[in-house]
Amino acid sequence: MQKIGVIFDLDGVIVDTAKYHFLAWKSLADELGFQFTETHNELLKGVSRVKSLEILLEIGNVTLSEREKQKILKSKNEHYLSYITKMGQEEILPGVTELLDTLDNLKIDYVLGSASKNAALILKQVNLLDRFKAIVDGNSVSRAKPDPEVFLIGAQKLQLSPENCVVFEDAIAGVEAANTANMISVGIGDKNTLSEADYNFNDLTELPSQFFQSLLVEN
Ligand code: B16
Ligand code: MG
């Protein structure tokens, strides 16, 4: 392989915003009168906001009108943003800054490929927005992960073919999207959960120092 580019998922790879999604969804579940646990929250990782609400309502066995759903989605996001607007650089996950430095040194371009419609705001909060060549997020796509659309747009932004793109993902739906797109998938988190990924690491600090060089040689 002559050239590679990298596509990063946001939540679970760059920052842990899942904990804030959890607090916001849990408070809605409390209002609707049912239990929403951290285990339930795992089902929402990497999934769009609308789909997350569908899963939440299924858990609580609650049926709502379209109007009520829209109202809930708005209030969930407002609650979520109250946490996001307090985020700072200290919330960047271990190994991220070092990895971006490595990519800069190797002149490997990287873009974001996230389901979140708040991605640019989150990156701005943690002072990483300007480092990415492009941001592909929930506002740029019509089909959510596991559909590969978000990553295929990412490949276009990198001006590379999908086989030359390396995707870092923490969610099953995201690994599936990367594999469907014919990209190199790197699962960040539990190896058993992300067993479909081409490579697995618990977090970005575990990435071997020559990881990208070896990809260039292997392919
Ligand atoms: P928002 P990622 C995803 O981010 C989250 O993992 C998922 O839990 C969330 O529902 C989704 O973004 C949408 O987020 O409500 O901000 O539009 O992992 O794809 O970076
Ligand atoms: Mg994620």
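Predicted model: local features only at pLDDT ≥ 70, side-chain atom pairs only at ≥ 80, totals over all residues.

User: Which residues coordinate the magnesium ion (ligand 2)?

Analyst: Donors are N, O and S atoms within 2.8 Å of the metal (3.2 Å for Na, K and Ca); water is not among the atoms, so sites may look incomplete. Here the magnesium ion (ligand 2) is held by Asp9 (OD), Asp11 (O) and Asp170 (OD), at 2.0 to 2.1 Å. The spacing of these donor residues in sequence is D-x1-D-x158-D. Helices (H or I, at least four residues) and strands (E, at least two) are DSSP runs, numbered from the N terminus.

User: Are Asp11 and Asp170 buried or exposed?

Analyst: Buried means under 20% relative accessible area, exposed over 50%, and partly exposed in between (1.4 Å probe, protein chains only). Asp11 counts as buried at 16%, and Asp170 is buried at 15%.

User: How many salt bridges does the count give?

Analyst: A salt bridge is a side-chain nitrogen of Lys or Arg within 4 Å of a carboxyl oxygen of Asp or Glu. The count by this rule is eleven salt bridges. One of them joins Glu91 and Lys19, at 3.7 Å from N to O. Glu91 lies in the loop between helix H4 (66-84) and helix H5 (96-106) and Lys19 in helix H1 (residues 18-32), so this pair ties together parts that are 72 residues apart in sequence. Glu91 is buried, at 17% relative accessibility, whereas Lys19 is partly exposed, at 38%.

User: What separates Glu54 and Lys51 along helix H3?

Analyst: An α-helix has 3.6 residues a turn, so residues three or four places apart point the same way. Glu54 and Lys51 are three residues apart in helix H3 (residues 49-60), a separation of about one helical turn. Their salt bridge has its closest N and O atoms 3.9 Å apart. Both ends are partly exposed, with Glu54 at 40% relative accessibility and Lys51 at 41%.

User: Which residues of H5 are buried, and where do they lie around the axis?

Analyst: The arc is that of the directions from the helix axis to the C-beta atoms. In H5 the buried residues are Val96, Leu99, Leu100 and Leu103. They cover an arc of only 100 degrees around the axis, which puts them on the same side of H5. The face turned away from that buried side carries the exposed residues Glu98 and Asn105. Just after H5, Lys107 takes a positive phi of about 60 degrees.

User: How are the aromatic pairs read, and what is their count?

Analyst: A pair of aromatic rings is described by the distance of the centres and the angle of the planes. Rings of Phe, Tyr and Trp (its six-membered ring) pair if their centres lie within 6.5 Å; planes under 30 degrees apart count as stacked, over 60 as edge-to-face and the rest as tilted. The count comes to ten aromatic pairs. In one, the ring centres of Phe8 and Phe132 are 6.1 Å apart and the planes stand at 85 degrees, so the pair is edge-to-face. Phe8 lies in strand S1 and Phe132 in the loop between H6 and S3, so parts 124 residues apart in sequence are tied together. Phe8 and Phe132 are both buried. Phe211 and Phe212 also form an edge-to-face pair, 5.3 Å centre to centre with 80 degrees between the planes. Phe211 and Phe212 are buried as well.

User: Which residues form the aromatic cluster?

Analyst: One aromatic cluster is formed by Phe8, Tyr110, Phe132, Phe168, Tyr199, Phe201, Phe211 and Phe212.

How values were computed:
Residues numbered from 1 in each chain as written. Chains lettered and ligands numbered in written order. Heavy atoms only, no water.
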